[in-house]
Amino acid sequence: MLPSSIYTFLLCFIICFFSVSCSSSEYRLEGDYLLGGLFALHEVDHATPLSTPEAIECSRHINSVSGYQMFQVMRFAVEEVNNSTTLLPNVSLGYEIFDYCSETKNFPAVFSFISQNGSIKPKEMLNDHQPKVIALTGPYGSTRTMTIAPLFTVDLIPMVNYGASSYALSNKLQYPSFLRAVPSNKDLIQMIIHIIQWFGWNWVAFLGSQDAYSEDGLRQFNKYIINNGICLAYQETLSLDANYSLVLKKMEMLKINVIVVFAVPQFAKNLIKAAIANNIRDKVWIAGETWSMDQQLQREPGIEKIGTVIGITERLLTLPGFDEFIYKAKGTSNVHNNDSVEVQSDTCNQACESCTLLTAEEILNENPTFSFGIYAAIYTIAHALHKVLQCEMNECRNTTVRPYMLLGEMKKVDFPLNGRQVKYDDHGDPIVSYAIVLWHTEANPAQFKMVGTYDTYPEITFTINSSLLLWHNNSVPFSNCSAECMEGFTKLPEGLHDCCFWCKKCPRNSYVNYSRDPYTCFSCAESEWSDEGSTTCKTRSVIYLEYTEIPSIVFMLSALCLIILLIAILCLFIYNHDTPIVKSAGGSMCLLMLSCLTMSNLSMFFFFGKPTSAHCILRNFIFAFFFTVCLSCLTVRAFQIVCVFKMAAKFPKFHSLWVMHNGQWLFIMFCSLICLFTCVLWATVAPPKPTRDTFSFTGQIMLVCERGNTMTISTLVFVSWFLGLLCLMFSYMGRDLPKNYNETKSITFSIVLFYVSWIVYFTANLTLKSKYILLLNAVAQLASINSIVFSYFIPKACIIIFQPEKNTPAYFQTSIQNYTQTISRT
């Protein structure tokens, strides 16, 4: 069985190429150098399985007007080159063209091209090998091209393709002799992504056919949408008998309004017809270059209802003289076709009986998408041959041409053609010059309107004239999984796709940077701030209580005046040290009190200016220690008054011990040591440090001091407040003492002012946030000092200065006698 099959196949091959003489026809042209051409004049939809190997007869299948038009473009280009006086002078190009209708069983044409004198020698050296053709163009379609390209690659026969865009063919390791005059799928996909991004869509479908063209396109699409914010919501590779209605229903369920149809024309036609039949409306259909200029589909009844069709095609260029060439060819073709049809039917896929019936108008009205590609391919071969032959103005000096020589020159060509530059990159891919066309289906007749362009030469440019796009609802269709978040909202992913999310407003002191990461609210730096829903951070202003502020100046002048007053009173009391007033005020003890109050005032000046560690410690350390010593003296003084007049009689032993052992000084020393130890512990173990308060104010950073160790602060507050409580208690006990010795009222008044001032400060500190809280702290300290000065010392100073008669021993003795008489009566 196997030998008989091989015999049958070889017999068919021999009969086809060596026994049958292909008649003179439009498929052949003699010339000095022969070019090959592969065009799909017929389409094999479903090839019938064969029981024996044989070559497919393309003429038995459906003819393709588009393929016949491409075939005529090659003939026109060859004729134009042959008529040129500057390109290939005195050298003629010939061609042999085959109908290539199947990618798997249409190899006889390929074998013919690579044969030398009717035979194929696989081990022939390139330097000696001269195949039948020096180069070829075609076939149409990536799958067909990838099927036969290895056969030409073996001998480095140049293939300049006009209709295979799979990016896999750019791999020069696999396809070293392949060039193409049309952009690759990579360029087309990038163009589609540009369009999708231009209109802000991110929820799209990608439909292709089961071939290398669509598979490569889908692969490129998935690759390039990763970092472009586009989600592939649905993808499908369709067969001719696929359930198109089910595919359309799935896209409706997913609410997809933008559909990329990256398929060969047969599949695209079936899909669009199904969309019309299923009453699909208001979609955006992005057409790949294979069907973007399909004039028959554009006139399909009801197509205006399915939405907007945007096509991508190579920039259409007219071919001057082509129309005349077709009219001339069709005017003469019928003369010989009537006699040669029977012969052509036997000439090895070089026959198309139905093509002879086509009118010139039918050919010229066919999809012109690939016309310039074919035209450029022939001129690429011609220019390269011109270089290999070392042609000058009137003659060519070289006569030896090998395919690999031609291939080397093809890679270096760079020439203008009909206003466009023809050149190839290292992958054998041409300059990209795309046009975006809108299907104006509501016009009568339907029209293609160019609305945008995409070029890579001399630089990359992309433009769309949005005003030319007439949307069905007069607005750009919405095709996003989720509506874009408002400014200042971050995206929280929902589901598997990045395009699906819900929006959340960024909180205060954070922002969203859409270019960096739209899914994260970034925290502002410590020196910055922001409101809710911000996209940037603002710089905070730094605030603190400055020396130059009016409240600060007023306060420091007040403190300075108080210091001067205290020094004056101290001097006055020292001068009148032996007088009854000074003795009744405590004698040397009141001098200690005045000294401590003077020192306490020094702490006031550390509340202003930029906080430092010294500021933070001294502003409270100085006041806490010296004022506590003063309070201990005041407490002792209140106790002594009560002790002399009341407790001495009731508790004589206790009084004698108190006097004998100088109890007042022991008490003062004890309280002072506790306070000093606590202050030193507070300033060394966990001292207050300057810090930046970034929470109290929105747009400001307040420089403040930490509180330091809570335990030590609590101890200091407790000691001072406890001493104040003792003062109040002793003052209450001595409320009825002699007037000259009764200082309890002044002590009570000073302690009450002390409590009130600090209660006001602590309340404000808990409820208000301002840099002036610090000033209120200083005011509380100043008020505490003033309360003692003006209630305890000022009245005595006034008596010394203005009422000296009351500052005598006799006056004080009289007061004591009157108090004794009053007590005895009661």
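Biologist: How many cavities of 30 Å³ or more does a search of the whole structure find?

Modeller: Please bear in mind that this is a predicted model. Rolling a probe the size of a water molecule over the atoms shows where empty space is left. For cavities of 30 Å³ or more, the search of the whole structure gives a total of three.

Biologist: What volume does the largest cavity have?

Modeller: The lining of this largest cavity includes Ala-181, Glu-314, Arg-420 and Tyr-424. Its volume is about 90 Å³.

Biologist: Which element gives the largest share of the lining of the largest cavity?

Modeller: Among the residues that line the largest cavity are Phe-372, Ala-376, Arg-420, Gln-421, Val-422 and Lys-423. Two elements give two or more residues to this lining, namely helix 12 (371-388) and strand 15 (420-423). The largest share, four residues, comes from strand 15.

Biologist: How many nonpolar, polar and charged residues does the lining of the second largest cavity have?

Modeller: The second largest cavity has a volume of about 60 Å³. Its lining includes Tyr-140, Gly-141, Ser-142, Glu-289 and Phe-370. By class, the lining residues are four nonpolar, five polar and one charged.

Biologist: Is Lys-411 buried, partly exposed or exposed?

Modeller: Lys-411 lies in the loop between helix 13 (403-410) and strand 14 (414-417). Buried requires under 20% relative accessible area and exposed over 50%. Because its relative accessibility is 44%, Lys-411 counts as partly exposed.

Biologist: What distance separates the C-alpha atoms of Lys-411 and Lys-423?

Modeller: Lys-423 is one of the residues lining the largest cavity. Leaving aside residues up to four places away in sequence, Lys-411 touches Pro-176, Leu-179 and Tyr-424. Along the chain, Lys-411 and Lys-423 are twelve residues apart, and the separation of their C-alpha atoms is 7.7 Å.

Biologist: How far does helix 5 reach from its first C-alpha to its last?

Modeller: Helix 5 covers residues 185-198 and has 14 residues. At 1.5 Å a residue, the expected reach is 20 Å. The model comes close to that expectation, with a reach of 20 Å.

Conventions
Residues are numbered from 1 along each chain as its sequence is written. This is a predicted model: local features need pLDDT of at least 70, side-chain atom pairs count only at pLDDT 80 or more; totals for chains, interfaces and linings use all residues. Side-chain values use heavy atoms; hydrogens and water are left out. On a 1 Å grid over the protein atoms alone, a cavity is a set of points where a 1.4 Å probe fits but cannot get out, and a pocket is an open set with protein on both sides within 12 Å along at least five of seven lines; lining residues have an atom within 4 Å of a point. Grid points are joined across faces, edges and corners, and a volume is the space filled by probe spheres set on the points. Ala, Val, Leu, Ile, Met, Phe, Trp, Tyr, Cys and Pro count as nonpolar, Asp, Glu, Lys and Arg as charged, and the others, Gly among them, as polar. Buried means under 20% relative accessible area, exposed over 50%, partly exposed in between (1.4 Å probe, protein chains only). Contact means heavy atoms within 4.5 Å. The expected span of a helix is 1.5 Å times one less than its number of residues.
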